[in-house]
Amino acid sequence: MMNILMSDSSHLDSKYFIDTHVYNCPFCNRGNVAYDILSKQGFHWTQEKECYIYRAKCSSCKNISMHLSYESLELHQTNALMGSNELYAFYDDEVKDDLDSKFFYSVPTSFFALDKSIPAVLRSLVVEAQGCLKSNYLTGASVCVRKIIYELAIKQNATGDNYDERIKSLKSVRPDIEPEYFDTLLTIQKITSDKVHEDSYDGWENKHLRLLLSSLTEILSLIYVIPNVLVKKRQEILKLKEEILGKPAKPTKPAKLAEPVKREKPAEPAKPAKPAEPAKRAEPAKREKPAKPEKNTEQKTTVAKSVSLDDLVRVSEVKFRQPK
Ligand SMILES: [Zn+2]
């Protein structure tokens with residue numbers, strides 16, 4: 001079971017700590033960037049239980065993140081100078097298994113940041129699950145996770161009488177999403193269901209729920225966020241297309257534009273002839289009545305360049321669609 005979970009998590013990029021010297025920075029969003037531990041401090045979570053605060057600093061953006069663990073992990077100093085800016089690192093031997101799993105809460109929690117494109121019901125459940133994890137309330141977190149899967153199945157018109165069937169149905173309904181994410185849900189969902197029925201959550205670990213949440217948020221992102229991003233990019237390209245098409249109208253090249261006009265509509269040469277002589281007089285005329293010159297030039301340029309620019313836009317659109 002653990003092997004499956006851990007091998008999945010490596011693909012999800014949801015970890016903070018890759019190893020003792022490299023992590024995924026939540027601030028600059030750089031993957032595999034070097035970090036240093038600035039400090040470690042302990043406090044009493046309960047009378048019997050201790051908790052430890054670790055502060056990690058990104059070597060790239062220099063921002064500092066905070067990480068909580070119930071384990072007292074040994075540190076060794078990495079810089080030679082003994083002074084106020086002492087830097088530390090975890091020992092390889094101590095955290096060779098899975099360093100990231102040692103921490104149950106981190107600030108910022110950027111990996112779970114939710115886009116507003118995701119339906120409010122699902123977002124609030126994810127936030128609630130995060131809140132439960134924040135305080136290490138694993139029962140509440142796992143119930144939230146079950147409900148996220150339940151609501152997602154409804155919204156995606158997934159069929160099936162139980163969770164397993166619903167997730168398998170989701171997998172078939174959304175073949176565009178990597179099946180690995182649903183397989184992860186299936187694997188953990190079995191545990192969740194069992195635990196709920198047994199009315200006992202003993203043995204649930206924070207890292208399972210974090211993996212579940214990161215799988216779910218990834219699926220939510222692929223369903224609700226990424227398509228919007230593609231639409232925005234398409235709009236940006238269309239806007240760029242307009243700008244490119246609009247540019248020939250503004251630059252002072254009335255002579256070149258005037259020529260095709262003479263060929264197409266020889267009756268109108270009187271209008272372009274005026275701006276050709278005094279450029280300064282032509283500008284205020286455009287401000288007062290911008291509709292006439294813009295329309296004329298746009299039509300002309302569209303006719304002249306529509307083939308190549310449209311092709312460019314089409315190619316760009318195809319490129320944006322391909323990764324989906
Ligand atoms: Zn950084």
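A crossing of two helices is left-handed if the near helix is turned anticlockwise from the far one by less than a right angle, and right-handed if clockwise. H3 passes H4 in a left-handed crossing, and the crossing of H3 and H6 is left-handed as well.

The structure is a predicted model, in which local features need pLDDT of at least 70 and side-chain atom pairs count only at pLDDT 80 or more, while totals for chains, interfaces and linings use all residues. Residues are numbered from 1 along each chain as its sequence is written. Helices (H or I, at least four residues) and strands (E, at least two) are DSSP runs, numbered from the N terminus.

## Helix packing

Two packed helices are described by the angle between their axes and the distance between the axes. Here axes are lines fitted to C-alpha atoms, for helices over the stretch in contact, and angles run from 0 to 180 degrees between N-to-C directions. Angles under 35 degrees count as roughly parallel, over 145 as roughly antiparallel, 65 to 115 as roughly perpendicular and the rest as oblique.

The axes of H3 and H4 come within 10 Å and cross at roughly 50 degrees; the two helices are therefore oblique to each other. On the H3 side, Ile-149, Leu-152 and Ala-153 make the contact, and on the H4 side Tyr-163, Arg-166, Ile-167 and Leu-170 do. Contact between two residues requires C-beta atoms, placed from the backbone, to lie within 7 Å.

For H3 and H6, the axes also come within 10 Å, with a crossing angle of roughly 25 degrees, so this pair is roughly parallel. Leu-138, Ala-141, Ser-142, Val-145 and Ile-148 of H3 meet Asn-206, Leu-209, Leu-212, Leu-213 and Leu-216 of H6.

## Nonpolar cores

A nonpolar core is a set of buried Ala, Val, Leu, Ile, Met, Phe, Trp, Tyr and Cys residues joined through C-beta atoms within 7 Å. A residue is buried if 20 or more other C-beta atoms lie within 10 Å of its own, exposed if 12 or fewer, and partly exposed in between, with C-beta atoms placed from the backbone.

The largest core has 26 residues, and Ala-129, Val-145, Ile-148 and Leu-216 touch the most other members. Two or more residues come from each of H2 (120-134), H3 (138-155), H4 (163-173), H5 (179-198) and H6 (206-246). H6 gives the most, with eight residues. Beyond its neighbours within four places in sequence, Leu-216 is in contact with Val-126, Val-145 and Ile-148. Another core lies apart from this one; it has ten residues, among them Phe-17, Tyr-35, Tyr-54 and Phe-90.

## Strand pairing

Two strands pair if DSSP finds at least two bridges between them. The pairings described here are listed below.

| S2 (33-44) and S3 (50-58) | antiparallel | nine bridges | His-44 with Glu-50 |

A hairpin joins S2 to S3 through five residues. S3 and S4 also form a hairpin, with five residues between them. Between these two strands, Tyr-54 has His-67 in S4 as its bridge partner.

Gln-41 is located in S2. This residue counts as exposed because it has 9 C-beta neighbours inside 10 Å. Not counting residues up to four places away in sequence, Gln-41 touches Tyr-52 and Ile-53. Gln-41 and Leu-68 are 27 residues apart in sequence, and their C-alpha atoms are 9.8 Å apart in space.

## Backbone details in the loops

Lys-62 lies in the loop between S3 and S4. Its phi is near 70 degrees, a positive value in a residue other than glycine. With 9 C-beta neighbours inside 10 Å, Lys-62 counts as exposed.

Asn-157, in the loop between H3 and H4, is not a glycine but has a positive phi of about 55 degrees. Asn-157 counts as exposed because 9 C-beta neighbours lie inside 10 Å.

A cis peptide bond, with omega about 0 degrees, joins Val-107 and Pro-108.
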